[in-house]
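Here are my notes for you to read with the model open beside them. Take the points in order, and find each residue on screen as you go.

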Amino acid sequence: MKIVLIGSERITKWFLDDLQNTKCKDQITLFGIYNLTYEKALQYKDIYQIHKVYQSLDELIQDATNFDLVYIGTSDATHYEITKQLLSHKINFFCEKPLTLSYQTVQELYDLATTNNVLLFDGIKSGFSPAYQMMKADLKTGLIGTIEYLSASHAKVSTSGKKPEPKSNDKNFVGLHLAGGMYALFIGLDLLGPAQLVTHLNNAYSTHNAISTSILNISHKNQGISKIIASDSLSSELSAQILGTKGYIKLGGNLQKYNVDY
């Protein structure tokens, strides 16, 4: 498989380093990379022996017949515009979470992917961890009966060590740590299905009204209820408690690293 990368920040480095530990690394070719800062892309080309560097997204798109998949490791606010262009040109991609910043734009992308028969993959790696898959297998047997309630949390200060400093006119700033919070939200939606009603409680930054921590209370269409906690100013590992009519299951540990702790 020939992969092209978009972005050359920390998360792209993590992705490239992780590739070296996969069982299929010998089947993957790092074909190209594009980054707004061309010099940074050149550095990645040398370090990871990438075949070529693109100078624009248009150039990358025009070269689509020469590769199989695009990996997107850019900032959250840029995902929608990039992925929409790729889907419009029938290019398969893997995008770091969150796919976009609203339900409406995600639905638009899924519809476009379906129409063009293109692979759209959002990076929620906790869903593929051994612990999570073991738990789902137990749930499928009816071990705890019908799930009626769950609580999931993921709070994480930015890996750069810096808290966000949003500007009052920044329309793209979401507030809570959506990238990490998506892990917790995924558990709720995966186990209880689509949301019917969402209410929320928010804490703002002390120096800015933007959200830093959010608690989502979700009533799901199957009558189940979930509580999702996400933050970019607090820190806690991903965890969940799932309550059913016959018992409960607790899920803990650092699922992002695929360890079995269930």
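1. Let's start with the whole protein. Buried residues make up 43% of its 262 residues. One thing to keep in mind throughout: this is a predicted model. The secondary structure comes to seven helices and 12 strands.

2. Next, how do contacts relate to the sequence? Take the contacts between residues at least 6 apart in sequence: 65% of them join residues at least 24 apart.

3. You'll find Gly7 in the loop between β1 (2-6) and α1 (10-19). Is Gly7 buried or exposed? Its relative accessible area is 4%, and the cut-off for buried is under 20%, so Gly7 is buried. Leaving out residues up to four places away in sequence, Gly7 touches Thr12, Ile33, Tyr34, Asn35, Gly73 and Thr74.

4. Now for a pair of helices. Two packed helices are described by the angle between their axes and the distance between the axes. Here, helix α4 (residues 79-88) packs with helix α5 (residues 103-116) at an angle of about 15°, and their axes are 9 Å apart. Angles under 35 degrees count as roughly parallel, and α4 and α5 are therefore roughly parallel to each other. The crossing of α4 past α5 is left-handed.

5. Which residues make that contact between α4 and α5? From α4 come Tyr80, Thr83, Lys84, Leu87 and Ser88. From α5 come Thr105, Glu108, Leu109, Leu112, Ala113 and Asn116. Sorted by class, the contact of α4 with α5 has five nonpolar, four polar and two charged residues.

6. Pick out Thr105 from that list. Thr105 sits in helix α5, and at 18% relative accessibility this residue counts as buried. Beyond residues up to four places away in sequence, Thr105 touches Tyr80 and Thr100. Tyr80 is one of the α4 residues in the helix contact.

7. On to the backbone, where a few spots deserve a second look. Most residues other than glycine have a negative phi, and most peptide bonds are trans. Against that background, look at the peptide bond from Lys97 to Pro98: this bond is cis, with omega near -10°. Pro98 lies in the loop between β5 (93-96) and α5.

8. Gln49 has a phi near 55°, which is positive even though the residue is not a glycine. Where is Gln49? Gln49 lies in the loop between α2 (38-48) and β3 (52-54). With 70% relative accessibility, Gln49 counts as exposed.

9. The other one is Asn117. Asn117 is not a glycine either, yet its phi is positive, at about 55°. This residue lies in the loop between α5 and β6 (120-123). Its relative accessible area is 71%, so Asn117 is exposed.

How values were computed. Residues are numbered from 1 along each chain as its sequence is written. This is a predicted model: local features need pLDDT of at least 70, side-chain atom pairs count only at pLDDT 80 or more; totals for chains, interfaces and linings use all residues. Side-chain values use heavy atoms; hydrogens and water are left out. Axes are lines fitted to C-alpha atoms, for helices over the stretch in contact, and angles run from 0 to 180 degrees between N-to-C directions. Helices (H or I, at least four residues) and strands (E, at least two) are DSSP runs, numbered from the N terminus. Angles under 35 degrees count as roughly parallel, over 145 as roughly antiparallel, 65 to 115 as roughly perpendicular and the rest as oblique. A crossing is left-handed if the near helix is turned anticlockwise from the far one by less than a right angle, and right-handed if clockwise. Contact means heavy atoms within 4.5 Å. Ala, Val, Leu, Ile, Met, Phe, Trp, Tyr, Cys and Pro count as nonpolar, Asp, Glu, Lys and Arg as charged, and the others, Gly among them, as polar. Buried means under 20% relative accessible area, exposed over 50%, partly exposed in between (1.4 Å probe, protein chains only).
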